[in-house]
Amino acid sequence: MTALKPSRSELSVLTFDVGGSAIKYGLCNAQGELRCKGSRPTPNEPDSTLEDFIAVLKGIHDELKGQGENIDGIAIAIPGCVNHDGSMRTGGAIVYNYGVPLADKIEAAIGLRPVIENDAKAAAAAELWIGALQGIKSGAALILGTGLGGAIIINGSVYQGPRGSAGELSAFVHDVPHFTADRSCEAQNVSATGLILHACEALGLEHTFTPEVAQRKFPLDGQKIFELYHQGNETIKQVLDDFGYETGKLIFNLSVVLDLEKVAIGGGISAQDCLIDAIRRGTDKAWAGNPNSGLEPPLIFKPEVEVCKFHNDANLIGAMHQYLERHGYL
């Protein structure tokens, strides 16, 4: 017998936000409201496996069920390119997720088939649904994390592309004259990692940067950088200004192609007002310094730059939106 579909008003979905260092979770209703929030470390050591990862998800599910919570479904926001069938083509910083039928594996372990979405596309969906991007036709979300999560909005919807790869801005070439160089991609520049890298270099601090996230060693993190900023450290102030300008140049290039109305900035460091201010200044600078600036009427319109309304919860809420959409609740 086919189980009855839960009503929209009663729906409770376990949403996960998988990052390079932590797996956040919460129970979400159809209005995008979260409860029972928590987090667990992401298995991301060199010897971590897909089985370790699924065991964490199952452990959270079983713990909540054991507390008497109702769970009607699972929705996951995750790094990498997600195929339409819930399998992974790439896994971002989580190397064991490359090329695996992830939805099948999770369904076999937990008994519920998950909706799986790229993390940045989930954040954009949340902001387009009930957040900072409501009502726009053309926009973008830039999620500053371990890499650069990107998502674009075309005709009022998060654009997936025919193979699910649209908006993979981490791979966007940052330094075109050095197309093949190490750190030539936006993932190592316009991201929380990029900010930390540039701060370490500007301060002359020893650090280790490798493609393997678990093997990177930085003497600074985002919190320390902003502490130094608020203490008046002039070197860090310049690093933040430079970071804002690099982000502004990326926003300019995206606007050339997409005629953006608004850009939402997310990720943990987006909670810092000084960062958003630096990106707004950098965007102004990118427009003012471009050879096409000053034309009236303008050739390229400058979009508004906003902070994501939901900050660290955007991926959880966006995963819920995608669940509602794919199960016919929207």
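Buried residues make up 51% of the 330 residues in the protein chain. The model is a predicted one. Its chain carries eight helices and 10 strands. Along the principal axes, the C-alpha atoms fill a box of roughly 65 × 50 × 35 Å. The radius of gyration is 20 Å, which agrees with the value near 20 Å that a compact globule of 330 residues would have. Contacts tell of the fold as well. Take those with a separation of 6 or more: 63% of them join residues 24 or more positions apart.

Now go inside. In soluble globular proteins, nonpolar side chains tend to be buried together. Here the largest nonpolar core has 39 residues. Leu-142, Leu-144, Leu-195, Leu-240, Ile-265 and Leu-275 have the most contacts inside this core. Helix α6 gives the most, with nine residues.

A second, separate core has 32 residues. Val-115, Met-320, Tyr-323 and Leu-324 are included in that second core.

Next, the open space. The second largest pocket has a volume of about 180 Å³. It is lined by 14 residues, and Asn-44, Ala-93, Val-95, Glu-212 and Val-213 are the closest to its centre. The lining divides into eight nonpolar, four polar and two charged residues.

Val-213 deserves a stop of its own. It sits in the loop between α4 and α5. Its relative accessibility is 22%, so Val-213 counts as partly exposed; the cut-off for buried is under 20%. Beyond residues up to four places away in sequence, Val-213 touches Asn-44, Ala-93 and Thr-146. Asn-44 and Ala-93 are also among the residues closest to the pocket centre. Tyr-159 lies 54 residues from Val-213 along the chain, and the C-alpha atoms of the two are separated by 28 Å.

Other loops are worth a visit. Ser-184 is in the loop between β8 (157-158) and α4. At 5% relative accessibility, Ser-184 counts as buried because the cut-off is under 20%. What surrounds Ser-184, once its neighbours within four places in sequence are set aside? The contacts are Phe-172, Val-173, His-174, Asp-175, His-178, Phe-179 and Asn-189.

Last comes the backbone. Most residues other than glycine have a negative phi. Asp-259 has a positive phi, near 50°. This residue is in the loop between α6 and β9. Asp-259 is partly exposed, with a relative accessible area of 47%. His-311 also has a positive phi, near 45°. Its place is the loop between β10 (304-307) and α8 (314-326). With a relative accessible area of 32%, His-311 is partly exposed.

Terms used:
Residues numbered from 1 in each chain as written. Predicted model: local features only at pLDDT ≥ 70, side-chain atom pairs only at ≥ 80, totals over all residues. Heavy atoms only, no water. Core = buried A, V, L, I, M, F, W, Y, C linked by side-chain atoms within 4.5 Å. Buried < 20%, exposed > 50% of the residue type's maximum accessible area, 1.4 Å probe, protein only. Helix = DSSP H or I, 4+ residues; strand = E, 2+ residues; numbered from the N terminus. 1 Å grid on protein atoms, 1.4 Å probe; cavity = no way out; pocket = protein on both sides within 12 Å on 5 of 7 lines; lining within 4 Å. Points joined across faces, edges and corners; volume = space filled by probe spheres on them. Nonpolar A, V, L, I, M, F, W, Y, C, P; charged D, E, K, R; others polar. Rg over C-alpha atoms; globule rule 2.2 N^0.38 Å. Contact = heavy atoms within 4.5 Å.
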